[in-house]
Amino acid sequence: MRIFARIPAIAALLIAMTMVTSLGHAQVAASAEAQQAMLASPDPKLAANKKLVYDMYRHIVQGGHADLVERFFTPEYIQHNPNVASGRDALAVFLRGSRPARPISPIITLPIIRIVAEGDYVLVMSERPMKDEAGKPYATSWFDVYRIENGLIAEHWDPALKSAAMLKFDPNEMGK
């Protein structure tokens, strides 16, 4: 029943994404200035939620610092990716098995397109370089939605499909 209460907020984030991106190839925010502009909001709570997710990306997703999960996630963290178990400790185990710890960058070096916040939800849209069956490169979009609770990430959704390869997936190695 709780999931149905979240659908309107998630739908609002997806609608907002369609309003802020143009058709065709999306613009990746590579510069520090462009990324900082994405974090701006007249609502301090929304700005704080976006900054939390942004910093989590730098330290956890990109940096691979499993030792910092307590700084960003609730102990009861709910994971909707079918390849990763729920719980902050389970997330740390996944991180240790999927990517090395790297220096923490002042910006997100992954191809981020947009960060949008609505209520307790933050949506991150990124470009994902892929290769088709013939090995020809192409770019697609990836979406991650986070629910924030008391200043920490409490829940996560993404479009990942169940796959053994995802257990070792490191987004920092895409397109390389």
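Buried means under 20% relative accessible area, exposed over 50%, and partly exposed in between, with a 1.4 Å probe and protein chains only. Tyrosine 121 has a relative accessible area of 8%, so tyrosine 121 is buried.

Some background. This is a predicted model, in which local features need pLDDT of at least 70 and side-chain atom pairs count only at pLDDT 80 or more, while totals for chains, interfaces and linings use all residues. Residues are numbered from 1 along each chain as its sequence is written, and side-chain values use heavy atoms, leaving out hydrogens and water.

Rings of Phe, Tyr and Trp (its six-membered ring) pair if their centres lie within 6.5 Å; planes under 30 degrees apart are stacked, over 60 edge-to-face, the rest tilted. The whole structure holds 3 aromatic pairs. In one, tyrosine 57 and tyrosine 146 have ring centres 6.1 Å apart and planes at 85°, so this pair is edge-to-face. Tyrosine 57 lies in helix α3 and tyrosine 146 in strand β4, 89 residues apart; helices (H or I, at least four residues) and strands (E, at least two) are DSSP runs, numbered from the N terminus. Both tyrosine 57 and tyrosine 146 are buried.

How are the rings of tyrosine 121 and tryptophan 157 arranged? Their planes meet at 40° with centres 6.1 Å apart, so the pair is tilted. Tryptophan 157 is buried, at 15% relative accessibility.

Strands β2 and β3 pair in the antiparallel sense over 6 bridges; pairing requires at least two DSSP bridges. Isoleucine 112 stands opposite serine 126 in β3.
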